[in-house]
Amino acid sequence: MQSIRILIAAAACVLLPAAAHANPELAASKACMACHSVDKKLVGPAFKDVAAKYKGNKDAAAQLSASILKGSSGKWGPVPMPANRVTDAEADTLAKWVLTL
């Protein structure tokens, strides 16, 4: 019985989407939290506001990932978001996490 539980737990870890592994600590380690907060506007929009804006957009994860990697301007006002030093996988993970909020 114990080995079945371990096997199920291991399978769940493999099958969970990458977004399940992203969290505020990853965002903080990549300096996202210097300008963003989960629920309050700072320099940039709150992550919850970003998720709301992109709700229902099937290309949202790819668009956010591109903005994280390359930066963006004009989407949320006059302050541009600079490109971030993240890998493609980290940008994808962060974008998917933001969309879960």
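These legends describe close-up views of one predicted model. Residues are numbered from 1 along each chain as its sequence is written. Local features need pLDDT of at least 70, side-chain atom pairs count only at pLDDT 80 or more, and totals for linings use all residues, while side-chain values use heavy atoms, without hydrogens and water.

**View 1. The annotated binding site.** An unreviewed UniProt entry marks Cys32, His36 and Met81 as "binding site"; such annotations may be inferred rather than shown by experiment. They spread over 50 residues of sequence, yet cluster in space, with a largest C-alpha distance of 10.4 Å. The lining of the largest pocket includes Cys32, His36 and Met81. (A pocket is an open set of points on a 1 Å grid where a 1.4 Å probe fits, with protein on both sides within 12 Å along at least five of seven lines; lining residues have an atom within 4 Å of a point.)

**View 2. Cys32 in its loop.** Cys32 sits in the loop between α2 (24–29) and α3 (47–54). Helices are DSSP runs (H or I) of at least four residues, numbered from the N terminus. Cys32 is buried, at 13% relative accessible area (buried means under 20%, with a 1.4 Å probe and protein chains only). Beyond four places in sequence, Cys32 contacts Ala27, Phe47 and Leu94 (contact means heavy atoms within 4.5 Å).

**View 3. His36 and its partners.** The loop between α2 and α3 also holds His36. His36 is buried, with 12% relative accessibility. Leaving out residues up to four places away in sequence, His36 touches Leu42, Gly44, Pro45, Phe47 and Met81.

Definitions and conventions
Helices (H or I, at least four residues) and strands (E, at least two) are DSSP runs, numbered from the N terminus. Buried means under 20% relative accessible area, exposed over 50%, partly exposed in between (1.4 Å probe, protein chains only).
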